[in-house]
Amino acid sequence: MSTTSRSTMIVSSSTAPTGSRAHQLLALAGFVAIVAAVAAFGSLTSAGAISGWYESTPKPMWNPPNEVFGPVWTVLYLTMAVAAWLVWRRPDSVERTRALRAYIVQLTLNALWSPAFFGLGALIGSAGVWFALGVIVALDFAILAAIIRFSDVSRVAAWMLIPYWFWALFATTLNAAIAVLAR
């Protein structure tokens, strides 16, 4: 089952708030599994390029060491999963459905960015990095939309997405700088 199909099932579940404790924990595990699948997909699509194309590509001076990305993304993905779970736990409403749909959109764009940046960057060079820049700019707006939609349902969940949004904005500056430098 694809990540989007699992997410759609979660969005359409109207029994979330009335479930047992075991049901709630199972749902949380499901949200964590979904972000873990996105993270694994990103890792698989970028692993070869990191030690190849990306290593030799000029980068801006503010580019962190490669070792920083894994721990930061681990924390951010876990926070995203918990935030989505907090929204899911709220009573069924139009706002909750909109919030979870916005979450699915941003998560899909998140999953697309690694193959766009690393995959296309390795295959076609600068043009691939520029394409990835378009994807990550769309992701930035999608994360902001998710934050706004989450705030309609759970302010705590909305606040939990803000570090992720800041990190994505930082990644956007890196992507843009690499696109310019890779000309």
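Let me start just after H5, where Gly 125 takes a positive phi of about 75 degrees. Helices here are DSSP runs of H or I with at least four residues, and strands are runs of E with at least two, numbered from the N terminus. This is a predicted model, in which local features need pLDDT of at least 70 and side-chain atom pairs count only at pLDDT 80 or more, while totals for chains, interfaces and linings use all residues. Residues are numbered from 1 along each chain as its sequence is written, and side-chain values use heavy atoms, with hydrogens and water left out.

Now H5 itself. The expected span of a helix is 1.5 Å times one less than its number of residues. H5 has 31 residues and should therefore span 45 Å, which agrees with the 43 Å between its end C-alpha atoms. For H4, with 24 residues, the expected value is 34 Å, and the helix reaches 36 Å from its first C-alpha to its last.

Gln 106 is in helix H5. Is Gln 106 buried or exposed? Buried means under 20% relative accessible area, exposed means over 50%, and partly exposed is in between, with a 1.4 Å probe and protein chains only. Gln 106 has 1% relative accessibility, so this residue counts as buried. Contact means heavy atoms within 4.5 Å. Leaving aside neighbours within four places in sequence, Gln 106 is in contact with Met 80, Leu 139, Ala 142, Ile 143, Ala 146 and Tyr 164. Leu 139 is 33 residues from Gln 106 along the chain, with 5.7 Å between the two C-alpha atoms.

Next, the core. A nonpolar core is a set of buried Ala, Val, Leu, Ile, Met, Phe, Trp, Tyr and Cys residues joined through side-chain atoms within 4.5 Å. The largest one has 50 residues, and Phe 117, Phe 150 and Leu 161 have the most contacts inside it. The elements giving two or more residues to this core are helices H2 (21-50), H3 (53-56), H4 (66-89), H5 (94-124), H6 (126-151) and H7 (155-181). Beyond four places in sequence, the contacts of Phe 150 include Ala 83, Val 87, Tyr 103, Arg 155 and Leu 161.

On to H4 and H7. Two packed helices are described by the angle between their axes and the distance between the axes. Axes are lines fitted to C-alpha atoms, for helices over the stretch in contact, and angles run from 0 to 180 degrees between N-to-C directions. The axes of H4 and H7 come within 9 Å and cross at roughly 145 degrees. Among the residues that meet are Phe 69, Trp 73 and Met 80 in H4, and Met 160, Tyr 164 and Trp 167 in H7. By class, this contact of H4 with H7 has 18 nonpolar, one polar and no charged residues. Ala, Val, Leu, Ile, Met, Phe, Trp, Tyr, Cys and Pro count as nonpolar, Asp, Glu, Lys and Arg as charged, and the others, Gly among them, as polar.

The buried residues of H4 include Leu 76, Tyr 77, Trp 85 and Trp 88. Glu 67 also lies in H4, but counts as exposed because its relative accessibility is 63%.

Last, Pro 60, in the loop between H3 and H4. Its relative accessible area is 9%, so Pro 60 is buried. Not counting residues up to four places away in sequence, Pro 60 touches Leu 174, Ala 177, Ile 178 and Leu 181. The C-alpha atoms of Pro 60 and Val 180 are separated by 9.7 Å, at 120 residues apart along the chain.
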